[in-house]
Amino acid sequence: MGKEATKDKHPKGFYACCITFTFERLAFYGAKPLLLLFLITAVAQGGLGVERTDAAVMAANLTAYTYMAPLIGGYISDRWLGARYAVALGYIIMAVGYLVGWKATNPGMINAMIILVSIGTGLFKGNLNALIGRQYKNKELLDAAFSIQYSYVNIGAFVGSLLTGYLYLHAFKRGEVLGFRQCFFAAAIWCIVGMVWFVLNWKNLQGQGIKPFKYLTDENGNIIGETHKSDDEGGKKEPLTKLERNRVLAIILVSLLSVIFWLFYYQQDLALVIYMTDYIDMHVGSFEIAPSWITTTWNGLLCVALGGVMAAIWKKLAARPQGDMNMFKKVGLGFLFVGLAFGVMALCEVTRGVGADPSVKASVLWPVLFASVITIGEMCFSPLRNAFVSKYAPKKYLSLLMGVIAISTFGANKLSPFVQAFIEKFDVFPVFIGICAIMLVFTVLLFATNQKLNSLVEGE
């Protein structure tokens, strides 16, 4: 594979890919928070005047389908299209999508934007993660690498959402007309800049991504072997070994656990926001704090801050004689912190007075503490899923299984409103206690069955 990372250093191509991710998230989170507002705002104020229920479904589709599309994009890249070309093409398609949003005059054009951005993301996301993984022979560095990458992702998300929030309300506002459209145009420009950056850094990718991942390549992109015998050359497909089949099973299991994890994690955008609106004093002095600043902005800042910290922790653990914690223990830690976060909100309700009238408000520090704890859980789990797939996926299915991990988040997004509808039937205190208990039970089960689960990836 040529010049890969040394024992203590990450390759240049890794940082090039991280910055490539930053530009894409800058565009996505610059546009995503504005989409619902653009749809429901009156035409006279620069929106489309769409009925709120329909607008909510359309806005949710943007998030959901960008998590589903990598499954298809990964298959295309694994079989026919080199990952570096898939990433560049994905950027171009996303840019075209945002340009459609810039010129949109009706819901049909917004749906076209959603489709184009989803297709572009499908070609982009899983393949760029796979490119990162293929640059490492020392797989012990991958947990640290993807923790660092997660910080770059959140830099883009944080800056993008803050920047367009200012641009549409102030810089691009003309009279009563808000500057939604110009923000979609800006997202397209950021995609083009990201694509140019990525192409200029092809030379740092150690020859990876020129050919589909079923091939092994040297640092010049020349084929030096195959991960499996190719059907395209008339040969019989070489079957997966028992260990490889078990590893695919383990990746699917982690994906199913992802659905459960994100299902409750995303309740901070639903149940917690409702709780803050009703029962939390959202003021610091006379200054009012928006709920999204806690659930999104503070979360993004913490992810950036914790990226290097978590990378150092995983690296230090990997240097122990017994080695790093395995993935299933880390998943257990993720579940633990999500459970503790909802435990924090249960304590908040106790201090407020369980079932007290909404006129009795709790301190805003409680949801800030909640967001801090749940973000630690996110950092124990979310960035490491990609490292896990890079380590253990059969190489010819690398991008495809990256897509499977992503589609689990799609499932959680689609199921989350049903969970919220169920939650609304109960008082807030038993809901917080119930979620805490469910996540702690999963934590205990994961640690209790850890050895058996880990044998799927390491062998007996």
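Analyst: Helices and strands are runs taken from DSSP, numbered from the N terminus, where a helix (H or I) has at least four residues and a strand (E) at least two. The model is predicted, and so local features need a pLDDT of at least 70 and side-chain atom pairs count only at pLDDT 80 or more, whereas totals for chains, interfaces and linings use all residues. Residues are numbered from 1 along each chain as its sequence is written, and side-chain values use heavy atoms, with hydrogens and water left out.

Contact means heavy atoms within 4.5 Å, and, leaving aside neighbours within four places in sequence, Val153 is in contact with Phe21, Thr22 and Arg25. Phe21 is 132 residues away from Val153 along the chain, yet their C-alpha atoms are separated by 5.8 Å.

The wider interior can be described through its nonpolar cores, a core being a set of buried Ala, Val, Leu, Ile, Met, Phe, Trp, Tyr and Cys residues joined through side-chain atoms within 4.5 Å. The largest core has 73 residues, and those that touch the most other members are Phe261, Trp262, Ile280, Phe342, Phe370, Phe388 and Val389. Helix 10, residues 327-352, supplies the largest share of this core with 12 residues.

Phe261 sits in helix 7, which covers residues 242-265, and its relative accessible area of 0% makes it buried. With residues up to four places away in sequence not counted, Phe261 touches Gly334, Phe335, Val338, Gly377, Glu378, Phe381 and Met439; for Phe335, 74 residues away along the chain, the C-alpha separation from Phe261 is 6.6 Å. Phe342, under that exclusion of residues up to four places away, touches Phe264, Gln267, Phe370, Ile374, Phe432, Ile435 and Cys436.

Helix 8, residues 271-279, shows how buried residues can be arranged around a helix: they are Ala271, Leu272, Tyr275, Met276 and Tyr279. These residues lie on the same side of helix 8, because they cover an arc of only 130 degrees around its axis, where the arc is that of the directions from the helix axis to the C-beta atoms. An α-helix has 3.6 residues a turn, so residues three or four places apart point the same way.

Asn454 belongs to helix 14, residues 450-458, and is buried at a relative accessible area of 17%; apart from neighbours within four places in sequence, Asn454 is in contact with Asn326 and Phe328. Gln206 lies in the loop between helix 6 and strand 1 (215-217) and is buried, with a relative accessible area of 7%. Although Gln206 is not a glycine, it has a positive phi of about 60 degrees. Most residues other than glycine have a negative phi.

How values were computed
Buried means under 20% relative accessible area, exposed over 50%, partly exposed in between (1.4 Å probe, protein chains only).
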